[in-house]
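User: I would like to learn how to read a few geometric features from a model. Please give the general idea each time, then the case at hand.

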Amino acid sequence: MSPHDEKTIKELVNRMNRIEGQIRGIKGMIERHVYCDDILNQISSAQSALDGASRLLLEKHMKSCVKEQLQAGDEQVIDEVLKTIFRMIR
């Protein structure tokens, strides 16, 4: 990851902390034998939160790292980004 502004780093770390808390909560729900549908809803919510963090990171990556590499003449970065995007949308 190229050096991102501190605001972005702080936002990503905060998102990861919330997601980590969600995952711990889901684990606790499983241990307490909470109704399956409720657990599935929480898992879906955690997946959405991870997707949001991925989109933010991809946006920052495109606007910084990828842009810089393209400006430097490195067009291989396009294949790298496409592979990453295709993996994300599976």
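User: At what angle do α1 and helix α2 pack, and how far apart are their axes?

Analyst: Axes are lines fitted to C-alpha atoms, for helices over the stretch in contact, and angles run from 0 to 180 degrees between N-to-C directions. Helices (H or I, at least four residues) and strands (E, at least two) are DSSP runs, numbered from the N terminus. Here α1 and α2 (residues 36-71) pack at about 165°, and their axes are 10 Å apart. Angles under 35 degrees count as roughly parallel, over 145 as roughly antiparallel, 65 to 115 as roughly perpendicular and the rest as oblique; α1 is therefore roughly antiparallel to α2. This is a predicted model, in which local features need pLDDT of at least 70 and side-chain atom pairs count only at pLDDT 80 or more, while totals for chains, interfaces and linings use all residues. Residues are numbered from 1 along each chain as its sequence is written, and side-chain values use heavy atoms, with hydrogens and water left out.

User: Which residue types make up the contact of α1 with α2?

Analyst: Ala, Val, Leu, Ile, Met, Phe, Trp, Tyr, Cys and Pro count as nonpolar, Asp, Glu, Lys and Arg as charged, and the others, Gly among them, as polar. The contact of α1 with α2 has 15 nonpolar, 5 polar and 4 charged residues.

User: What is there to note about phi of His33?

Analyst: Most residues other than glycine have a negative phi. His33 has a positive one, near 60°, and sits in the loop between α1 and α2.

User: Is His33 buried or exposed?

Analyst: Buried means under 20% relative accessible area, exposed over 50%, partly exposed in between (1.4 Å probe, protein chains only). His33 is exposed because its relative accessibility is 73%. Glu6, in helix α1 (residues 6-31), is also exposed, at 61%. Of the 90 residues of the chain, 21% are buried.

User: How many helices and strands are in the chain, and how spread out is the chain compared with a compact globule?

Analyst: The chain has 3 helices and 0 strands, in the order α-α-α from the N terminus. The radius of gyration is taken over C-alpha atoms, and the globule rule is 2.2 Å times the number of residues to the power 0.38. For 90 residues that rule gives 12 Å; the chain has 17 Å, well over that value, so it is more spread out than a compact globule. Along the principal axes, its C-alpha atoms fill a box of roughly 55 × 30 × 15 Å.
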